Amino acid sequence: MEDIEAIVVLQDAVRRRLYEYVVAQDHEVSRNEAAEGAGIQRTLAAFHLDKLVDAGLLVTESRRLTGRSGPGAGRPAKLYRRSGAEHHVSVPARDYRTAADLLAEVADCARLDDELRAAAAREGRAALAAAGPIEDLDAMRAVLSARGYEPRADGAVLRLVNCPFHVLSERHPALICGMNLALLEGLVEGAEGLRARMDPRPGMCCVAVETSKNNDD
């Protein structure tokens, strides 16, 4: 029921706009910034942001934005960022996560890394064929967004803010991160001038996509 209630909260257009703005940023967001980003009044933003916190979609912390402390430093600002909790709804109930975890455990124990990477590369090439020609980083960004990676441009590199396989990658990092790299290598295979490479960073997907001019290999 908690998962259903969390998703219902996002049915409100204002809350959904605020949520999408907050998760798109690479820093904690204040009420003032969120209000400006969503194009609404601060008091309305504060109300809806706290509803998102109550639903477990956002979390908060308090910090002085001036960097000062002591008398005259001002009150700490309430800052918002995405919660690490995941929400899934299936009617009737399904448990694909347990099946995926068991399959990953078997593949890991049987050392089926090569077979899994080969299958992932085929899936990536099939996804590329379905998407059509990818001519530049912007086109790749759209494809990755559709697959849930939440790509964020960092110069000529796309940093992937979300890992669609997060839970499995925590339990079987070598197996799943290798699979993920092979999947994205297959996806960029036919995209001239792009490559996928391992670039693990805290809180992000372990793979980045970049233009080949950054390839120093």
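A residue counts as buried when its relative accessible area is under 20%. In this predicted model, Asp 199 has a relative accessibility of 14%, so Asp 199 falls in the buried class.

Asp 199 sits in the loop between strand S6 (194–198) and strand S7 (207–211). The side chain of Asp 199 pairs with that of Arg 159 in a salt bridge, with an N to O distance of 2.1 Å. Arg 159 belongs to strand S5 (residues 157–160), and the two partners are 40 residues apart, so this pair ties together distant parts of the chain.

Arg 201 has a relative accessible area of 40%, so it is partly exposed, whereas Asp 199, at 14%, is buried. Shared partners then join Asp 199 and Arg 201 with Asp 154, Arg 159, Arg 195, Arg 197 and Glu 210 into one network of salt bridges. On the Arg 159 side, the link runs to Asp 154, with 3.2 Å between the closest N and O atoms. Over the whole structure, the search turns up 16 salt bridges.

The structure has zero disulfides. Cys 177 takes part in none, and the nearest cysteine sulfur to it, that of Cys 206, is 3.3 Å away. A disulfide calls for sulfur atoms within 2.5 Å, and the 3.3 Å between the sulfurs of Cys 206 and Cys 177 is therefore too far for a bond. Both cysteines are out of the way of the probe: Cys 177 is buried with a relative accessible area of 16%, and Cys 206 is buried at 9%.

Turning to the helices, H2 (residues 13–24) and H3 (residues 31–38) have axes that come within 9 Å and cross at roughly 115 degrees. The crossing of H2 past H3 is right-handed. On the H2 side, the contact is made by Arg 17, Leu 18 and Tyr 21, and H3 answers with Glu 33, Ala 34, Gly 37 and Ala 38. Sorted by class, the residues of this H2 and H3 contact are four nonpolar, one polar and two charged.

With a relative accessibility of 5%, Ala 182 is buried. Leaving aside residues up to four places away in sequence, Ala 182 touches Arg 117, Ala 120 and Ala 121. Asp 114 is 68 residues from Ala 182 along the sequence, yet their C-alpha atoms are 9.9 Å apart in space.

Note on methods: Residues are numbered from 1 along each chain as its sequence is written. This is a predicted model: local features need pLDDT of at least 70, side-chain atom pairs count only at pLDDT 80 or more; totals for chains, interfaces and linings use all residues. Side-chain values use heavy atoms; hydrogens and water are left out. Axes are lines fitted to C-alpha atoms, for helices over the stretch in contact, and angles run from 0 to 180 degrees between N-to-C directions. Helices (H or I, at least four residues) and strands (E, at least two) are DSSP runs, numbered from the N terminus. A crossing is left-handed if the near helix is turned anticlockwise from the far one by less than a right angle, and right-handed if clockwise. Contact means heavy atoms within 4.5 Å. Ala, Val, Leu, Ile, Met, Phe, Trp, Tyr, Cys and Pro count as nonpolar, Asp, Glu, Lys and Arg as charged, and the others, Gly among them, as polar. Buried means under 20% relative accessible area, exposed over 50%, partly exposed in between (1.4 Å probe, protein chains only). A salt bridge is a side-chain nitrogen of Lys or Arg within 4 Å of a carboxyl oxygen of Asp or Glu.
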